[in-house]
Amino acid sequence: MTLTRSMARLTAGLAGAALLSAAFSAQARELSVSTVLSDAFPWGQAAEKWAELVEERSGGELTLRVYPNSQLVSGDQTREFSAMRSGLIDAAVGSTINWSPQVPELNLFSLPFFIPDEAAVDAVTGGDAGTMVFEAIESRGVIPLAWGENGFRQVSNSRGPISQPEDLEGLKIRVVGSPLFQDTFSALGADPTQMSWTDAQPALTTGAVDGQENPLSVFDVARIDQVGQEHLTLWNYMNDPLIFAVNQQVWQTLSEEQQTMLRETAEEAGAWEIAMTREQEGERLAAIQERGVTVTELTDAQYQAFVDATQSVYEKWAPRIGEEVVEAAQAAIDAR
């Protein structure tokens, strides 16, 4: 009799544990996070840091699974925002460049020679212009949570040093899928060639293109000097902020506590990644130079020549971005 009761209690206990486990499993939720680059790069590390913080803070109730190398959009990084907006992707740590075809206000950061330094980046993203950009993203079905940073983009090529607009004449430069990039390099006399990052390195290797533009972190980690890019010019012609974001419908299914946690962890991961990217900049440049790359730094007069050569691009694109956003950004830059 006693044995039977003991067995009954054990059976009931096991059943209860199973129900508890099932309930926990039902509550646990995984969100997909898209990135263009892997965790070999600061960009990918930002997404992994976010996932790490979310798992830690939620106790496993909510997890983020990072899919690098644009694999959720078959390698086409320009489709990332549309895929997130439609719900094919739950979340992303994405580039303002790649999302700009769907959110014109994001072209603010790609205006050539508009944002001169890191203090200007912080003034823009942390001010009224940054708020306007986030509002523009949200109006298109995506909830922006925090800023990250891919860094200032520099130009490299296999032909020779670039220190004046004339040096770009006729060079085939790989650019991302943004019309603004096409206009910028066309204004400088180059032959811009649009292709995904997946296709860029083979094209550089074969000489199908002469050059490319990317932040130092990408140049360094991807060893772009090994595919003939022996000449690098530091011209800071545009900055490439990253944005942590979530699909709006997914966001609405989260509890208020989960939303707060997701936003706070994104802000923390973003601040961590921005600081890391900037701290590593000097080390990366030194490593690149040690590998034999010729690095050209522009004088103020040389920089101004590029500004003047691309003024028509600024005049064409400022209205498309929105005069109010551009003016707010300019005011923040001037006041930094």
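1. A helix here is a DSSP run of H or I at least four residues long, numbered from the N terminus. By that count, Leu285 belongs to helix α11, which covers residues 256-290. Please keep in mind while reading that this is a predicted model.

2. Let's stay with Leu285 for a moment. Is Leu285 buried or exposed? With a relative accessible area of 16%, Leu285 is buried, because the cut-off for that label is under 20%. Leaving aside residues up to four places away in sequence, Leu285 touches Leu216, Leu234 and Val295. As for Leu145, its C-alpha atom is separated from that of Leu285 by 31 Å, and the two residues are 140 apart along the chain.

3. Two backbone angles deserve a look on your screen. Ser70 is not a glycine, yet its phi is positive, at about 55°. You will find Ser70 in the loop that runs between β2 (62-67) and α3 (80-86). Ser70 counts as buried, at 2% relative accessibility. Phe113 is also a residue other than glycine with a positive phi, in this case near 60°. Phe113 sits in the loop between α4 (96-99) and α5 (118-125), and its relative accessible area of 8% makes it buried.

4. Next, a helix pair. Helix α6 (residues 128-138) and helix α14 (residues 323-335) have axes that come within 7 Å and cross at roughly 150°. On the α6 side the contact is made by Asp128, Ala129, Met132 and Val133, and on the α14 side by Glu324, Val325, Ala328 and Ala329. Sorted by class, this contact of α6 with α14 has six nonpolar and two charged residues, with no polar ones.

5. Asp225 is buried, with a relative accessible area of 13%. Apart from residues up to four places away in sequence, Asp225 touches Phe219, Arg291 and Val293.

6. Rolling a probe the size of a water molecule over the atoms shows where empty space is left. The largest pocket has a volume of about 280 Å³. Its lining has 17 residues, and the closest to the centre are Phe152, Gln154, Leu234, Trp235 and Asn236. Two or more lining residues come from each of β4 (142-157), α11 and α12 (300-309). Which element gives the most to this lining? That is β4, with four residues. By class, the lining of the largest pocket divides into six nonpolar, five polar and six charged residues.

7. Ser70, with its positive phi, is one of the residues that line the second largest pocket.

8. That second largest pocket holds about 160 Å³ of space. Its lining includes Val36, Leu37, Ser38 and Phe41, along with Asn69, Gly75, Gln77, Trp197, Thr198, Gln201 and Ala222. What is the make-up of this lining by class? Five of its residues are nonpolar and seven are polar, with no charged ones.

9. On to the aromatic rings. A search of the whole structure finds 14 aromatic pairs. One of them joins Phe114 and Tyr314, a tilted pair at 6.0 Å centre to centre with 40° between the planes. This pair links distant parts of the chain, with Phe114 in the loop between α4 and α5 and Tyr314 in helix α13 (residues 311-321), 200 residues apart. Phe114 counts as buried at 7% relative accessibility, whereas Tyr314 is partly exposed with a relative accessible area of 26%.

10. The pair of Phe181 and Tyr237 has another geometry. Why is this pair called edge-to-face? The ring centres are 6.4 Å apart and the planes stand at 85°, so the pair falls in the class for angles over 60 degrees. Phe181 lies in helix α7 (residues 179-187) and Tyr237 in the loop between β8 and β9 (239-247), so the pair ties together parts that are 56 residues apart in sequence. Phe181 is buried at a relative accessible area of 2%, and Tyr237 is buried at 1%.

11. Finally, the rings also form a group. Ring pairs link Phe113, Phe181, Phe185, Trp235, Tyr237, Tyr303 and Phe306 into a cluster.

Definitions and conventions: Residues are numbered from 1 along each chain as its sequence is written. This is a predicted model: local features need pLDDT of at least 70, side-chain atom pairs count only at pLDDT 80 or more; totals for chains, interfaces and linings use all residues. Side-chain values use heavy atoms; hydrogens and water are left out. Buried means under 20% relative accessible area, exposed over 50%, partly exposed in between (1.4 Å probe, protein chains only). Contact means heavy atoms within 4.5 Å. Axes are lines fitted to C-alpha atoms, for helices over the stretch in contact, and angles run from 0 to 180 degrees between N-to-C directions. Ala, Val, Leu, Ile, Met, Phe, Trp, Tyr, Cys and Pro count as nonpolar, Asp, Glu, Lys and Arg as charged, and the others, Gly among them, as polar. On a 1 Å grid over the protein atoms alone, a cavity is a set of points where a 1.4 Å probe fits but cannot get out, and a pocket is an open set with protein on both sides within 12 Å along at least five of seven lines; lining residues have an atom within 4 Å of a point. Grid points are joined across faces, edges and corners, and a volume is the space filled by probe spheres set on the points. Rings of Phe, Tyr and Trp (its six-membered ring) pair if their centres lie within 6.5 Å; planes under 30 degrees apart count as stacked, over 60 as edge-to-face and the rest as tilted.
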